[in-house]
Amino acid sequence: MTMQTSVFSLDQQAMELIERKFRKKQLIAEARADEQLFGVFRQELTEEETWALKFLFAYMPVNDLADYDGHLFLSHVRRTLEIRRQMPWGERVPDHLFLHFVLPYRVNTENIEDSRGILYNELADRTKRLSMADAILETNYWCHEKAAYIGSDLRTISPLTMIRNARGRCGEESTLAVAALRSIGIPARQVYTPRWAHCDDNHAWVEAWADGEWFYIGACEPEPRLNQGWFSPPARRAMLINTRIFANYEGPEDITLADEWFTEINLLEGYAPTRMITVLVKDGQGRPVSGSDVYFELYNMAEMYPIAILKANALGEASFKTGFGELLIRAVKDGRWGEDKIGTARGGRFELVLDRTQQPDGTTDFDMVPPPERSGEAAEPLSEEKLLCHDSRLEEGTTIRSSYERTFMDEEEALELAGAAGIPPERVWEVLRKARGNSREIAAFLRERSSEYGEWPLLLLESLNEKDLVDTFRPALDDHLTGALSLRGVGELPQEIFIRYVLCPRILYEMIVPYRRLFQDHFTTAESAMFREDPSALVRKLDEEWELWEDLPNLKGKGNPAGTFKFKKGDRISLDILFVAICRSLGIPARLHPSEQKPQFMSNGSWRDALFAQGTKPLQAAKKENGLLRLLRDSEASAEAQAASYFENFTFARLENGIYKTLFYPYGKTDVYDEPFEVEPGSYRLTTGIRLKDGTVRARFVYFAVRAGEQTDIPLTFREAMLDRPVLGTMDRSQALAMLDGAAKTMGELIGNSGAIIAWIEPEREPTKHLIRELGELADDFAELGAPIVLVVGDSERDASFDPSRYPQLPPCAQFVRDSSYAALPGFISQPPASEAGFPHLFVLDGQDQIRYAASGYKIGTGKEAYRLLTGLCRQSTERSDKQ
């Protein structure tokens, strides 16, 4: 086929590749009506529109082919091409950047909406007279007006939902910012470190292109210039910073993974020193093993997390560019594996031999060392005028956002609604408070349905995750309410079981859409009765008629049940969600197992696995009996030993085909000794870790087996990690600080004489919000300890609207004060690395006003580390007093 066009500067080879992939997607989507997806090509289209659509369809995730219609993508394409013509820099953006970083409609795993024109209308007039670089900064000020950071669950809300909610986690902030920048024709991409090496958790931010160069910004957290953010120092300690592109992208950036449908590029070199490591995988006879999976793992959230998984090439090699920290590398193929730890100073080549089929016995202790702290390049100081202007913009943005939040339904309106509907007012207010910008939609649902269904509409809403309340609307709520209640009498289920496993539409992290009527109408009365009698019949039907299609890793389980059902294809998790959704629609209690994430249905009051043949372990004739795992307290632990907390300092994982699969229990679960864990038989690894102040982890693996029908007792032990308590300086007790009511107090009056925590904070910034969350989680512990916590805010424009009532979860011993000039900050904070790390600056003081601990900037776990150290200091002080 000859193609004479040069649309988007595509050569013939590139156009033929797009055409082949587009045709393949048409075949993959054959179960959907052609009119719904590809009928848009029968409209009158320009050449640009045709190839832009083909490009999107060619690399479109299967979930999107299932869940959305072609007219949405055509609208998106037309608006994007129009914006390119309208914005002054549109023609300056090279075609390859336009295709990969402006045209795409998807940023993360968010629900897709036709939002490009809406965002353009918000931003075009604010930015079109600016340079591209200034337009990026201005767009981020706009994002700050619309949303701020808050931690939340793993489901990513859309840009429009983010605006409605006025807050979200970093992955949602950056999704909004990328969508906003693309809406004015600026190439943008969400970049992220999958997991930090020096502390727990991860982070996402934004890179945007201006006049030939990529710059970074912290989404919704504006700075007065580009390439500046609180995360700059942590990024210099990262082991991987990357992004995923829905295309066969050829660079010029380093390519980590070139898949058939997407490309992952490695951007670490722009942030941190890097080294290239190559792993050669061999078998027991020394021959290279091609096709093995090579896992590059670091310690994070008490598990060994793979920041990259690469296939060994024909020579048995896998190469990876990373930072100067330690990694655990593991190669696996056909149930055989090899494993080794790579040191911080070692580069070059490493060999792994696939010589293991059984895990070792006993205990293995080792350290995981992250890249060291490094100073960044000195930036030219900004003028006082520019800094004041920036502070003013931040305060203005906070005021705009706060004004919008005041339009949400308030408690008085909630009580009025509850009274009219005859439902409990406290519970109604709790639901509407969580719904935020969607509160009036939720209130309308309660108002319309409570008169007919009593308390059931409220029970439905209470069964949802908090985030669901901001982007679930009446059509979906009506479908799930009426569809579930039409089967209320089936099976005579206890109300608690009915609510959690039939009425509730939330299964994992999929988008909630209407589907009950769809499934109830699709199956005949006889089929529905057969499935209720034997849900395994539904398993067999889905196995026979639905095809397993594994697509992009981060989109697994994100397809909604209605789309997966109509498409007749899906990844393993999406098909499991579909099974649970159909069961609940037919009145069959069903769930994904809370720790194993496998589909189950209830039969005669007990949970049974739905044993699918596709994409799972070999189908068993009869399910093996589970075993019990009981964790035992460490009788030799010191008084300062950490309290066990799942995903904070320990996890356990089962060995499956050479890979350890971490079991999922609630984050921060501490009641781990009360009852044994019911788990599948198999080989297990318990991982524990204590993170030191420099980020190094003192880790321990404990290997054990659980047998069917038996209980295994395993002591939960941690390696000793003595807290370092050097004297770093002395806090000046005479320094004056201002209470929020204006009254003056000295530092000495605030910190007392028995030890204290004092922290200078920026309340609107993500690092401070993490610290405040951690202090709140320890509210009872701090209250029992009784030591003062002094939180110091500035008196600049950016903090003028600070409202302490937003932090009710803090310990009762915490109080806010102001330090307008930061004069009370210890002098060493002005020196690197603390000066570069930025706020919060936290100090632990002993009873003699000596600084025994200091931490600056972003570091998950600072609050708990400070509590442990302060507890030890208080204990020492008490012991000294007792001896006197």
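**Entry 1: the sheet around β32**

I started with β32, which pairs with strand β35 (residues 841-845) in the antiparallel sense over 5 bridges. Strands here pair if DSSP finds at least two bridges between them. Helices (H or I, at least four residues) and strands (E, at least two) are DSSP runs, numbered from the N terminus.

Before going on, a note on the source: this is a predicted model, where local features need pLDDT of at least 70 and side-chain atom pairs count only at pLDDT 80 or more, while totals for chains, interfaces and linings use all residues. Residues are numbered from 1 along each chain as its sequence is written, and side-chain values use heavy atoms, with hydrogens and water left out.

Back to the strand. I found A759 opposite L842 in β35. β32 also pairs with strand β33 (residues 789-793), this time in the parallel sense over 4 bridges, and there W760 stands opposite V792.

How many residues of β32 are buried? I get 5 of its 5, for a strand spanning residues 756-760. Buried means under 20% relative accessible area, exposed is over 50%, and partly exposed is in between (1.4 Å probe, protein chains only). A756, I758 and W760 point one way, I757 and A759 the other, and all are buried. In a regular strand the side chains alternate between the two faces of the sheet.

Then I looked at the whole sheet. It is open, has 8 strands with mixed pairing, and runs β29-β36-β35-β32-β33-β34-β30-β31. Which strands stand at the edges? They are β29 (729-730) and β31 (744-746); each has a single partner strand, so one side of each is left without a neighbour in the sheet. At the β31 end, β30 (residues 736-739) pairs with β31 in the antiparallel sense over 3 bridges. I noted A736 with T746 as its bridge partner in β31.

**Entry 2: cores**

I looked up the nonpolar cores next, meaning sets of buried Ala, Val, Leu, Ile, Met, Phe, Trp, Tyr and Cys residues joined through side-chain atoms within 4.5 Å. The largest has 101 residues, and F8, F57, I186, W205 and I241 touch the most other members. Helix α3 (residues 47-58) gives this core its largest share, 7 residues.

What does F57 touch? Leaving out residues up to four places away in sequence, I list F22, K25, L37, F38, F41, L65, G70 and F73 (contact means heavy atoms within 4.5 Å). There is also a second, separate core of 35 residues, with L477, L481, A484 and L503 among them.

**Entry 3: aromatics**

F57 turned up again here: F22, F38, F41, F57, Y68, F73 and Y105 form one aromatic cluster. Rings of Phe, Tyr and Trp (its six-membered ring) pair if their centres lie within 6.5 Å; planes under 30 degrees apart count as stacked, over 60 as edge-to-face and the rest as tilted. My search of the whole structure gave 45 aromatic pairs. Y68 and F73 have ring centres 6.5 Å apart and planes at 85°, so I logged the pair as edge-to-face. Y68 is buried at 12% relative accessible area, and F73 is buried at 1%.

Y665 and F677 are edge-to-face too, with centres 4.9 Å apart and planes at 70°. The pair links distant parts of the chain, 12 residues apart: Y665 is in the loop between β24 (659-662) and β25 (677-679), F677 in strand β25. Y665 counts as buried at 15% relative accessibility, as does F677 at 5%.

I also checked for charges over rings (NZ of Lys or CZ of Arg within 6 Å of the ring centre and within 35 degrees of the ring normal). R685 lies over the face of F701, 4.1 Å from the ring centre. The charged end of K693 sits over the ring of Y853, 5.5 Å from its centre.

**Entry 4: salt bridges**

I counted 73 salt bridges in the whole structure, each a side-chain nitrogen of Lys or Arg within 4 Å of a carboxyl oxygen of Asp or Glu. D211 and R92 form one, with the closest N and O atoms 3.0 Å apart. D211 is partly exposed at 49%, and R92 is partly exposed at 44%.

K467 and D153 meet at 3.2 Å, N to O.

Last item: E596, K598, D609, R654, E656, K661 and E680 are linked in a network of salt bridges.
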